[in-house]
Amino acid sequence: QVEITPTAGVGKYNMGIVKKSEFDASGSDQAFCQKQLEEFKKGAAEWGMNLSEYLDFSLYDESEGPQKVTNSDLEPGTEYYAYAYGMSTADGATTTPIEKFAFSTKGLLNINFNLSTSQISSKSGIISANPDQDIYYYLGFTSEDAFLNAFGGDDATLRDNALAQIINNMTMGGEFEQLARKGAANLAMQGLVPNTTYYAIAFGVEKKGTNSAFATTNLTKVKFVTPAFSITDDCTFSIANIDASSMLIDFTVTPSKADTRYYATIKSDKETAGKTPAQVADEQIVFEDGFNIDWANSKQVFAGTRTLNSRTDLGVTTIVPETDYTIYVFGVDTKGNRTTEVATAKARTTTAEPSKMTIAFEGVIAGSEPDSQDFFKTNYFVNFTPNPSVENEYYYVGIASKEDYEWATVFGSDEDFIKEVITAAGDNIMLNCFIGKPAQPLKAQVDYKGAALKPGTDYYLIAFGYMGAATTPLFK
């Protein structure tokens, strides 16, 4: 940050910070000022203003008193000039000699982080660091794939991305001393994908102000590779009787060994393009680990011959019409390690077809209750149980005020209203879709638009079949 104080009589003036090498490349003070004028002319053209108007808008004025120039994007270990000179708003001519103040930014520290890894398993490991200087530093890891594709294989880009995360956490209330490390430290890694290349990374970081920080070293990185799962079971799986509708897929799994525990999932071919079945399976295991699945007791782990449904057995809710999918089946032990090779089978979903399903509502009870977070607030709700006539199709349920429904249908129809509901739900529509009769009553506190229910207001419970598109009339 540089403070510039104009002397009396300067009037309008230009100021800034520039690399010394860039300034020197101009050849002279006059040439640099001319280059600045050309940039002002470009700016005026872009804004559709004449030069005089643009200069009057852009230049500083002596009457404003001292001004501070702050630049957070300077390069380390680099010579710069802070500069200022008077400038006419009439034609951009210089009205005073240019004043320059030379300064240099601090260079990056040369630190040996003594970075290493240990206890690397298929899904976890430890990173250790012990810098040879007493500094704060960041410690983390990234996959080689992310380094090459998300960060362009550039150390500085990866470092700056990690630094941005620190700054973001600080702006959200995080303490710098808790986000950065100092002295010898270990980082326990979880969620690693088997048979995958990673980098352990470290770089120096220093606090700036209250909610910011900057890097004090280049990035140090150490490559490591997680081992593949050890295949300990020669069980194979037959996947047959595949029945795909527009949003549901049923299939039968028959293992060659009745006591082999196995897991199944379904992925779109677009999502898994370029990946082997083993990679898809291993990434799915890590995904489930992130939700703390109990591999020893989960209902998503099966044994013996089973006919499975994508929603009710696998919990897959992202299937859409007219799309190619692959079914994956593989053995797992009680700790979430893959024990077998991966079996696959292809399936393609159909278009949504009209349905004869009907939907009734039972046990409808409207009420109110105090808000658990605000003693002075009252929440209004309705409890109800939808009862569809079939058990193997999705249906949407929600609430609409009588006013909203009548307004939407006064010049239209129930079909138009259904379209409005689907549009309002957007990508979150499956959060309100069910299969079969719920075991417990549903409780709703908002309408289909997300607005809280209001007292003294007439509402409709609404429902319709939904399999990627509406498949039934509206029931209310």
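How many bridges join strand 8 to strand 11? To find out, select residues 124–129, which make up strand 8, in this predicted model. Six bridges link strand 8 to strand 11, and the two run antiparallel.

The three strands form an open sheet in the order 7-8-11, with antiparallel pairing. Its edge strands are strand 7 (116–118) and strand 11 (185–190), each of which pairs on one side only. From one strand to the next, the twist averages 25°.

**Helix 2 and helix 3**

Now select residues 29–47 for helix 2 and residues 51–58 for helix 3. Their axes are 9 Å apart, and the helices pack at an angle of about 105°. An angle of 65 to 115 degrees counts as roughly perpendicular, and helix 2 and helix 3 are therefore roughly perpendicular to each other. To display the contact, show the side chains on both helices. Helix 2 contributes Leu37, Phe40, Lys41, Gly43, Ala44 and Trp47, which meet Leu51, Tyr54, Leu55 and Ser58 in helix 3. By class, this contact has seven nonpolar, two polar and one charged residues.

**The largest pocket**

Proceed to the largest pocket, whose volume is about 880 Å³. Select Ser72, Leu74, Lys208, Phe214 and Ala215 to locate the pocket, for these lie nearest its centre among the 29 residues of the lining. Then colour strand 6 (99–104), helix 5 (155–171), strand 12 (197–208) and strand 13 (212–215), the elements that give two or more residues to this lining. Helix 5 supplies the largest share, five residues. Colouring the lining of the largest pocket by class separates 12 nonpolar, 10 polar and seven charged residues.

**The second largest pocket**

The last stop is the second largest pocket, with a volume of about 400 Å³. Centre the view on Pro194, Asn195, Thr196, Gln279 and Glu283, the closest to its centre of the 17 residues that line it. Two or more residues of this lining come from each of helix 4 (144–149) and helix 7 (277–290). Helix 7 gives the most, with four residues. The lining of the second largest pocket divides into five nonpolar, six polar and six charged residues.

How values were computed:
Residues numbered from 1 in each chain as written. Predicted model: local features only at pLDDT ≥ 70, side-chain atom pairs only at ≥ 80, totals over all residues. Heavy atoms only, no water. 1 Å grid on protein atoms, 1.4 Å probe; cavity = no way out; pocket = protein on both sides within 12 Å on 5 of 7 lines; lining within 4 Å. Points joined across faces, edges and corners; volume = space filled by probe spheres on them. Nonpolar A, V, L, I, M, F, W, Y, C, P; charged D, E, K, R; others polar. Pairing = 2+ DSSP bridges. Axes fitted to C-alpha atoms, helices over the stretch in contact; angles between N-to-C directions. Parallel < 35°, antiparallel > 145°, perpendicular 65-115°, else oblique. Contact = heavy atoms within 4.5 Å.
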